[in-house]
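Subject: Structure handover

Hi,

Here is the structure for you to look over. My notes follow below it.

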Amino acid sequence: MEELFRKFLYTGVGIVALTAEKLQESVDEMVGKGKVSKDEGKRLVEEFVEKMESKRDEFEERLKEAADSMTSSLSLPQFATKQDLSALADRLAAIEAKLGIAAEAPAVVAEAPAKPAAKAKKEADKE
């Protein structure tokens with residue numbers, strides 16, 4: 001979920017950056033045509049950037065609330081945090097130590113996932 005939140009945040013930052021860039025181009029064009037002075041154009045862009053920076057925290061909070069609302073409305077169990085997983089691993093290690101079980105490193109599966117049984121049977125029947 002954290003990764004999804006990060007992607008939304010980066011998307012928002014990208015949109016703001018693109019908008020600021022387009023605003024700068026428009027202001028430069030207006031300055032070139034003499035519709036606004038160079039100082040007025042610079043002030044417009046700076047005001048926009050300042051407003052966007054001040055709204056960033058509000059945007060992040062609203063996005064987090066939306067993500068929390070979405071997960072709760074889907075009736076999904078709460079996601080485990082890194083701290084939750086670390087605490088669980090510590091508890092498991094303590095239990096293994098009390099039982100005298102040597103902790104084994106989890107096996108890393110490097111192979112492709114196994115084919116479903118029906119598909120494997122169908123392929124075997126073809127041969």
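Helices (H or I, at least four residues) and strands (E, at least two) are DSSP runs, numbered from the N terminus. On that basis Lys-42 is found in helix H2. Its relative accessibility is 53%, so Lys-42 counts as exposed. The cut-offs for that: buried is under 20% relative accessible area, exposed is over 50%, and partly exposed lies in between (1.4 Å probe, protein chains only). Lys-42 and Val-31 are eleven residues apart along the chain, and their C-alpha atoms are separated by 9.7 Å.

Ground rules next. This is a predicted model, where local features need pLDDT of at least 70, side-chain atom pairs count only at pLDDT 80 or more, and totals for chains, interfaces and linings use all residues. Residues are numbered from 1 along each chain as its sequence is written, and side-chain values use heavy atoms, with hydrogens and water left out.

**Overall layout**

The protein chain has four helices and zero strands. Along the sequence, the pattern reads α-α-α-α. Of the 127 residues in the protein chain, 9% are buried. The protein chain exposes about 11,200 Å², and carbon and sulfur atoms supply 59% of that area. Accessible areas come from the Shrake-Rupley method with a 1.4 Å probe; for residues, only the protein chains shown count as cover.

Now contacts, meaning heavy atoms within 4.5 Å. Take those in the protein chain with a separation of 6 or more: 59% of them are between residues 24 or more positions apart.

**Confidence**

pLDDT is the predictor's confidence in each residue, from 0 to 100. The protein chain averages 76, and 72% of the residues score at least 70. Among the elements, H3 has the highest mean pLDDT (90) and helix H4 (residues 117-126) the lowest (54). Look also at residues 108-113, where the pLDDT is below 50. That stretch has zero contacts in the model beyond near neighbours in sequence.

**Helix H3**

Does the span of helix H3 agree or disagree with 1.5 Å a residue? It agrees: the 18 residues of H3 (residues 82-99) should span 26 Å, and the end C-alpha atoms are 26 Å apart. The expected span is 1.5 Å times one less than the number of residues in the helix. Just after H3 comes Gly-100, with a positive phi of about 75°.

**Salt bridges**

The rule is a side-chain nitrogen of Lys or Arg within 4 Å of a carboxyl oxygen of Asp or Glu. The count by this rule is five salt bridges.

- Glu-29 and Lys-33: their side chains meet at 3.3 Å, N to O. Glu-29 has a relative accessible area of 48%, so it is partly exposed. Lys-33 is at 56% and therefore counts as exposed.
- Glu-47 and Arg-43: this salt bridge is 3.0 Å, N to O. The two are four residues apart in helix H2 (residues 38-73), so about one helical turn separates them. Glu-47 is partly exposed at 33%, and Arg-43 is partly exposed at 42%.
- Lys-55 and Glu-58: the closest N and O atoms are 3.8 Å apart. Lys-55 and Glu-58 are three residues apart in H2, so about one helical turn lies between them. Lys-55 is partly exposed at 45%, as is Glu-58 at 35%.

**Nonpolar patch**

Which residues make the nonpolar surface patch? Leu-4, Phe-8 and Met-70 do, and the patch covers about 260 Å². Patches take residues with over 30% relative accessible area and no salt bridge; like charges are joined within 9 Å, and nonpolar side chains (Val, Leu, Ile, Met, Phe, Trp, Tyr) within 5 Å. Phe-8 sits in helix H1 (residues 2-32). Its relative accessibility is 44%, so Phe-8 counts as partly exposed.

Best regards
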